[in-house]
Amino acid sequence: MTKQKNICEKGKYSSLRRNDKMDLKEYIELVFSDYTLRTITLGTAILGAVTGMLGSFAVLRKQSLLGDAISHAALPGIAIAFLITGAKDSNTLLLGALISGLIGTFWIRGIISKTHLKSDTALGLILSLFFGFGMLLLTYIQKQPNANQAGLDKYLFGQAATLVESDVWLMAIVTGICLFVLLLFWKEFKLLLFDEDYTKTLGFNTKFIDILITSFIVLAIVLGLQTVGVVLMSAMLLAPAAAARQWTNSLSVMVALAAIFGAFSGVVGTAISASQNNLSTGPVIVLVASVFVIFSFIFSPSRGLLFKQIRFIKNRRDLQLHKTLAFMHQIAENHEDISHPHAIRILNNFHGYTKGTLQKLVDKNYVILQGNMWSLTQEGFKTASNLYNQTDNE
Amino acid sequence: MGKKIAVKVDDLTVAYNYKPVLWDIDLEIPEGVLMAIVGPNGAGKSTLIKSILGILKPIAGSVSIYGKPYEKQRKLVAYVPQKGSVDWDFPTTALDVVMMGTYGSLGWIKRPRQKEKKAALEALEKVGMLSFKNRQINQLSGGQQQRIFLARALVQNASIYFMDEPFQGVDATTEIAIINILKELRKAGKTLIVVHHDLQTVPEYFDWVTFLNVKKIATGPVKDIFNDDNLTKTYGINYKVSVQE
């Protein structure tokens, strides 16, 4: 299979082979001039955008695994569609994928509402059941004496190189419809995502909104199977959304950012895989999206690990300083003259001080040091007495 | 007693997994009362509210609001869910959540405009949260979140309010602020049905009470039926509270 694929990809990117070392400018020119590369770049960008958008909803509804279950559930549909028609027309196969993806999704919903099983169990069950059945059919098809059967397994890991213009058009149309529906029912989607019970009491049909969202998620996943494949498709849904969530606290910005991250992952992933001949596109796109996630988890200003750690260290330092200041305040309070000097030795009873913290207090003009004596300034006294006054500073 | 009946529940039975949670409930709630629903954990208090509001599907029974089926009277009813029922890390602001209260009267597709925003700001002011309008909801304290939920229901401008434990996990200041708003609503002729846990405050806050433990034990004015006898029947142990006169 790998060999086949290599030959195929080499053929597709023949124009790139001539000069292995290409700079960015040349590549960009090539994207616009080379038909195949342009088609693939556009296709992966659109796919990234639509899955990013819809993925935001899946992530916020805590249905992250739904995408994984749907994409795996689509596999038997592809095999059955091939068995019935005997042809490898991608639209027919995707129709099969859509139908079995939808069946899988509604079975999951059925299991959750009709039995006592939790959603993760239902998702896992349907995922493995459908995927197992799909694999069974694939091996059955491979044993058939039909020359046409080769290449169905590309749906497992995807093969962007097989995208043609009509595929991209289909993606663009579905993305357009999806965007339209999203804007039309924005208010209802947001309400359902935040508070489903409340949505019901306002008189909205939550089942309808739910089915609308889920159907679009299924559609987006099925569209991506040819490019990214059954196994990795859920990453396209989750990664851009998870990254986007780190940067914003607004739903609309999150959805827009996720679409941009997704599209960008598609473009960059295609570029990397096209310039490094043997890399298959789907996994590279997913890896690029994961880089977005890792970067966002670390560097986001409000939710990122880095700034969280910095804030933590700063808070701890401030607290150390405040403890010392509060202790000094306690002592100074007992004297009529608050700036009456005291021996530094007194602070020994209390373990919170170091030379460093004392120096910082001096720098802030809260404390004056004279030899081995310290005294509070007016400003230091005032700050200390307001330290734990919660009503003034939150 | 001549008063209009705001909410009427007939033969309501609800079950989870074959086990009845509510059994054959008949309930009439007169207009203009501030009513507490009390009962032990698992007594079906939240379930009762959710079944009346159509969130849960009962096995049997019917609900009417001012004599008509609930589905036709939705606009008269507002709901304050338990604040733990949603994910407060959702990316949105306090004002945005309160605006959701206007979505019902807007109906499908129509977007909220200036009029709806104004109503939401007024509701925020009533609960003392106006200065937090642009605050991310994950940065609000438990008490502030509860006030936001209350404001969201106020925006609906309903006649009947159902509230699920609005005092749970809030500090004393917020509790007083909320009860004052509830009393004001009652003064304006609204009917309020509140799931409540703190038995000590029942006589002080409410004028009507329903004792519930899977079955309805008693319902009526606090001064007539809030007594040790009903408490014992509901909670199953010998319960003593000092009823203030």
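I began with the lining of the largest pocket, where I find 20 nonpolar, 12 polar and 13 charged residues. My classes: Ala, Val, Leu, Ile, Met, Phe, Trp, Tyr, Cys and Pro are nonpolar, Asp, Glu, Lys and Arg are charged, and the others, Gly among them, are polar.

Ground rules: this is a predicted model, where local features need pLDDT of at least 70 and side-chain atom pairs pLDDT 80 or more, while totals for chains, interfaces and linings use all residues. Residues are numbered from 1 along each chain as its sequence is written, and chains are lettered from A in the order in which they are written.

Next I looked up the volume of the largest pocket, about 1900 Å³. A pocket is an open set of points on a 1 Å grid over the protein atoms alone where a 1.4 Å probe fits, with protein on both sides within 12 Å along at least five of seven lines; lining residues have an atom within 4 Å of a point. The volume is the space filled by probe spheres set on the points, which are joined across faces, edges and corners.

Of its 45 lining residues, A:R109, A:I112, A:S113, A:E196 and A:K200 are the closest to the centre. I see α7(A) giving the largest share, 7 residues. Chain B joins in too: its β1 (5-16) supplies at least two lining residues. Helices (H or I, at least four residues) and strands (E, at least two) are DSSP runs, numbered from the N terminus.

Then I turned to the second largest pocket, about 640 Å³. Among its 30 lining residues, B:G101, B:L154, B:V155, B:Q156 and B:N157 are the closest to the centre. Here α4(B) gives the largest share, 6 residues.

Key:
Side-chain values use heavy atoms; hydrogens and water are left out.
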